[in-house]
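Subject: Structure handover

Hello,

Here is the structure I said I would pass on. My notes on it follow below the entry.

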Amino acid sequence: MSGNQPAVQAGRTGAQDRLRLTLDIERVLDVCARQAIRAEFRFGPESPLAVDVEFLVAGGPRVLWRIGRDLLRQGLYSMSGLGDVQMWPVDLEERATARLRLASRDMAALFELPVSPLAEWLDYTYELVPAGHELAEVDWNVATADLLHSPEAQTE
């Protein structure tokens, strides 16, 4: 990043507050041009496979993306993702920042974000719901019944 310390706002008072992480990141516009962006990462144990990331531009619209939790974690240390969402570390030795590329149709955005606070926060989410246990709480009988009885599943 441009040398500025990112603003990290992660709640420390309660478990619910710790499910959010707010970072000041940068949108990379050009080789020398950057735009300050605030990003809020939210994790819900009831939907543990993905993290909601809301990008907040001062005076602009809010943009929400759902990104795979595993993709974010892997992208802190190596190239991760295909297609619309990709993430990779900027410097493999220092690992201070990572880049996140989001694409939708004919538009794309590139962001640079600090690795350390995001890694710590993601580690906490994995303490709450360990890797491989994301679907352990799913009642497959109820899920299957819901699928079979949904309006889309019924034919005339």
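A search of the whole structure turns up two aromatic pairs. A pair here means rings of Phe, Tyr or Trp (for Trp, its six-membered ring) with centres within 6.5 Å; planes under 30 degrees apart count as stacked, over 60 as edge-to-face and the rest as tilted.

One of the pairs is F41 with W121, which is tilted, at 6.2 Å centre to centre and 55 degrees between the planes. This pair links distant parts of the chain, since F41 lies in strand 3 and W121 in helix 2 (residues 115–128), 80 residues apart. Helices (H or I, at least four residues) and strands (E, at least two) are DSSP runs, numbered from the N terminus. Both F41 and W121 are buried, where buried means under 20% relative accessible area, exposed over 50% and partly exposed in between (1.4 Å probe, protein chains only).

F55 and F111 also pair: the ring centres are 4.6 Å apart and the planes lie at 15 degrees, so this pair is stacked. Again distant parts of the chain are linked, with F55 in strand 4 and F111 in strand 8 (residues 107–114), 56 residues apart. F55 counts as buried because its relative accessibility is 4%. F111 has a relative accessible area of 6%, so F111 is buried too.

The model is predicted: local features need pLDDT of at least 70 and side-chain atom pairs count only at pLDDT 80 or more, while totals for chains, interfaces and linings use all residues. Residues are numbered from 1 along each chain as its sequence is written, and side-chain values use heavy atoms, with hydrogens and water left out.

Next, the strands. Two strands pair if DSSP finds at least two bridges between them. Strand 2 (residues 20–28) and strand 3 (residues 34–43) run antiparallel and are joined by nine bridges. Within this pairing, E26 has A36 of strand 3 as its bridge partner. The two strands form a hairpin, with five residues between them.

Strand 3 also pairs with strand 4 (residues 50–56), in the antiparallel sense and over six bridges. Here the bridge partner of R42 is D52 in strand 4. The hairpin that joins strand 3 to strand 4 passes through six residues.

Last, which residues sit over the ring of Y126? The charged end of R69 does, 3.7 Å from the ring centre, and R73 lies over the face of Y126 at 3.9 Å from the ring centre. The criterion is NZ of Lys or CZ of Arg within 6 Å of the ring centre and within 35 degrees of the ring normal.

Regards
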